[in-house]
Amino acid sequence: MLMESPLAATEPSRDCPRCPRLVAFRRECRAEFPDWWNAPVPAFGDPGAWLGIIGLAPGKHGANRTGRPFTGDYAGDLLYATLGKFGLSSGTYAADPGDGLRLKGAIILNAVKCLPPENKPTPQEMNTCRPFLETQISALPRLRAFITLGLIAHQSTLRSFGLKPSHHKFAHGARHALPGGQVLFNSYHCSRYNTNTGRLTAPMFEDVFRMAMETAA
Ligand SMILES: O=c1cc[nH]c(=O)[nH]1
């Protein structure tokens, strides 16, 4: 059973037609895995969040299967462990959206809401999906900080504030001032690849959360 998105009124429809390539891929997945979610993956978290965590896009066997960001594959292992460690969640994280996990003070949004082939949305798909990100950020009035996971989420979040990525270079641990006093922190994406290769370790990830907590909690 899927919990209702805290931003239900701002989510795309299950059959959002905006990106032809992603629509075709969704159809393929629905045919092959009819029991999966196979639709835009809604936001998950606290509508009163001070911290927005911006991911890239659903993973095929993860969020695209479960309907909840960063669950169902390994992409969420470090993320949900870290949220728990910093008191930003309660309950237990499992693949099943009925696990009772709740976020407190944080919300997870994806820069692209539909599953992209090879986990790679095109620049056009990023642009086409961005209005949803912008609307959702605007619908979260208590947001004071963002953690962007990876370069693409960073760029899309900057653009959603009307800022130029060339003026705000991505680097793990970097912080960027946003209009209105909010602060954006960069992290490498917490993908299985990055954690397995040691590009991102738990202490490195926790440092970014600590900075965000010290700045904005
Ligand atoms: O960025 C990501 C990666 C996996 N799952 C998501 O929902 N987003």
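Predicted model: local features only at pLDDT ≥ 70, side-chain atom pairs only at ≥ 80, totals over all residues.
**A tour from the ligand to the cysteines**

Residues are numbered from 1 along each chain as its sequence is written, and side-chain values use heavy atoms, with hydrogens and water left out.

Next, show the polar contacts, meaning pairs of N or O atoms within 3.5 Å. In the side chain of Asn110, an N or O atom is 2.9 Å from an oxygen atom of the ligand; a polar side-chain atom of His189 also lies 2.9 Å from a ligand oxygen, and a polar backbone atom of Phe70 is 3.2 Å from an oxygen atom of the ligand. Taken alone, the ligand exposes 240 Å², and the protein buries 95% of that (Shrake-Rupley method, 1.4 Å probe).

Now turn to the cysteines, selecting Cys16, Cys29 and Cys114. How many disulfides are there? The count is zero, where a disulfide is a pair of cysteine sulfur atoms within 2.5 Å. For Cys16, the closest cysteine sulfur is that of Cys114, and at 5.9 Å it is too far for a bond; for Cys29 the closest is again in Cys114, at 11 Å, also too far for a bond. Cys16 is buried, with a relative accessible area of 11%, and Cys29 is buried as well, at 1%, where buried means under 20% relative accessible area (1.4 Å probe, protein chains only).

Technical notes:
Polar contact = N/O pair within 3.5 Å; in protein donor to acceptor, adjacent residues only side chain to side chain. Buried < 20%, exposed > 50% of the residue type's maximum accessible area, 1.4 Å probe, protein only.
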